[in-house]
2 protein chains.
Amino acid sequence: MAAITIFGKGNMGQAIGGNFEAAGNQVTYVGSHDQVPALGAIIVLAVPYAAAVSITESHTDEFAGKVVVDVTNPLNFDTWDELVVPADSSAAAILADKAPQAKVVKAFNTTFAGTLAAKQIGNDHPTTVLMAADDADAKKALADALDGSGLVTMDAGSLKRAREMEAFGFLQMTLAASEQIGWTGGFGIFK
Amino acid sequence: MAAITIFGKGNMGQAIGGNFEAAGNQVTYVGSHDQVPALGAIIVLAVPYAAAVSITESHTDEFAGKVVVDVTNPLNFDTWDELVVPADSSAAAILADKAPQAKVVKAFNTTFAGTLAAKQIGNDHPTTVLMAADDADAKKALADALDGSGLVTMDAGSLKRAREMEAFGFLQMTLAASEQIGWTGGFGIFK
């Protein structure tokens, strides 16, 4: 069991937090107007990308040594045709640069909130959480904290793979926005 | 029914061709040492990226007006840690630049050969072929030619989305290479 701090009380924060709670962890939620409490061992930034940057910049020292989970899909929501991060980088890499002593993990950005809450993609297949990070212990801590939640976890490699995970999340969102798929569907992972 | 020319007789060429044949099309296969025959209305480049570039450069005029399907995942196979195309581009965009009068469609790169042959991901869920292209008629021609094959087709948007499809294919391949998934599994798409 871990102490987990989730920034963001929206659909993603609630769906992620519900899974951590189901697995027996102690979860504290922080809204945008809340005082920031003492931080848990795992911190989840379940907020839009710009807010994730701002929170990270404001808490560089407090994030040192912590597992910091970036769930963002940094779309340009005006165009829905590009990401706002440089093509050769990722939101996760930028956050890791801003908090170099944090153990940044990219996760939850490849799964819609509805599929995290339901623990199923398309009401048919278990939801898999991909995790990319340079710190193997950070990925293990996240996987351990989700063990028993009903979600499947999978190691997607180093933090460099966050770039592909963000492309994956972007593509999935454009398919939903164009009504090719629904927001309870998307990409299920088969072993 | 369409006349289809497939460059490449490997696993991908055979799996793709088998689906076109199952849907009632006339398929001609071209190996690397074969004379190139009269080309069909749909041309599939089921070869590694470098060969796709070479074939396109050699047939710029013949490709004019044709639907040219790029199935490549342009990995750096020495490192398995990056693509060989620029971060802000894609293999498909580069091929389209080389044959500007061709109607380039990115497709089949998000599905392993085994899942095209079986028409199922993980022996459990129908295989979906994502298609990205700037020419809507080209996507329709490809979807029509696959109608009856047992594969599902889905419109992934403009050719710009090839970048995300190549990231998707790259991520899927790294998961298989690291034995997180098998080569008959991968990403299934749920509506």
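Two strands pair if DSSP finds at least two bridges between them. With that in hand, let us look around this predicted model, one close-up at a time.

**Figure 1. Strand 1 of chain B beside strand 2.** Strand 1 of chain B and strand 2 (residues 26-30) of chain B run parallel to each other and are joined over five bridges. To find your place, look for Ala3(B), which stands opposite Gln26(B) in strand 2 of chain B. Is strand 1 of chain B enclosed or left open by the rest of the structure? Four of the five residues of this strand (residues 3-7) are buried, so strand 1 of chain B is largely enclosed.

**Figure 2. The open sheet of chain A.** Here seven strands of chain A line up in the order 2-1-3-4-5-8-9, with mixed pairing. Which strands stand at the edges? They are strand 2 (26-30) and strand 9 (152-155) of chain A; each has a single partner strand, so one side of each has no neighbour in the sheet. From one strand to the next, the twist averages 25°.

**Figure 3. Strands 3 and 4 of chain A, with a helix across them.** Strand 3 (residues 42-45) and strand 4 (residues 67-70) of chain A pair in the parallel sense, and four bridges link them. Within this pair, Leu45(A) stands opposite Asp70(A) in strand 4 of chain A. Helix 4 (residues 91-98) of chain A lies across strand 3, strand 4 and strand 5 (103-107) of chain A, and its direction makes an angle of about 165° with strand 5 of chain A.

**Figure 4. Phe63(A) and the nonpolar core.** In soluble globular proteins, nonpolar side chains tend to be buried together. In this model, the largest nonpolar core has 79 residues. Phe7(A), Leu45(A), Phe63(A), Phe7(B), Leu45(B) and Phe63(B) are the ones with the most contacts inside it. Leaving aside neighbours within four places in sequence, Phe63(A) touches a list of residues including Phe7(A), Ile43(A), Leu45(A), Ile55(A) and Val68(A).

**Figure 5. The buried residues of helix 2 in chain A.** Helix 2 (residues 49-58) of chain A has these buried residues: Tyr49(A), Ala52(A), Val53(A), Ile55(A) and Thr56(A). What do they pack against? Their partners are strand 1 (3-7), strand 3, helix 3 (60-63) and helix 4 of chain A.

**Figure 6. Ala156(A) and its contacts in both chains.** You will find Ala156(A) in the loop between strand 9 and helix 7 (162-177) of chain A. Ala156(A) counts as buried, with a relative accessibility of 5%. Apart from neighbours within four places in sequence, its contacts include Leu130(A) and Met165(A), along with Leu171(B) and Leu175(B). Ala132(A) is 24 residues away along the chain, yet the C-alpha atoms of Ala156(A) and Ala132(A) are separated by 5.0 Å.

**Figure 7. Two loop residues with positive phi.** Phe108(A) is not a glycine, but its phi is positive, at about 70°. Phe108(A) belongs to the loop between strand 5 and helix 5 (113-118) of chain A, and is buried, with a relative accessible area of 1%. In chain B, Lys119(B) also has a positive phi, near 65°. Lys119(B) is found between helix 4 (113-118) and strand 6 (120-121) of chain B, and counts as partly exposed at 23% relative accessibility.

How values were computed
Residues are numbered from 1 along each chain as its sequence is written. Chains are lettered from A and ligands numbered from 1 in the order in which they are written. This is a predicted model: local features need pLDDT of at least 70, side-chain atom pairs count only at pLDDT 80 or more; totals for chains, interfaces and linings use all residues. Side-chain values use heavy atoms; hydrogens and water are left out. Axes are lines fitted to C-alpha atoms, for helices over the stretch in contact, and angles run from 0 to 180 degrees between N-to-C directions. Contact means heavy atoms within 4.5 Å. A nonpolar core is a set of buried Ala, Val, Leu, Ile, Met, Phe, Trp, Tyr and Cys residues joined through side-chain atoms within 4.5 Å. Buried means under 20% relative accessible area, exposed over 50%, partly exposed in between (1.4 Å probe, protein chains only).
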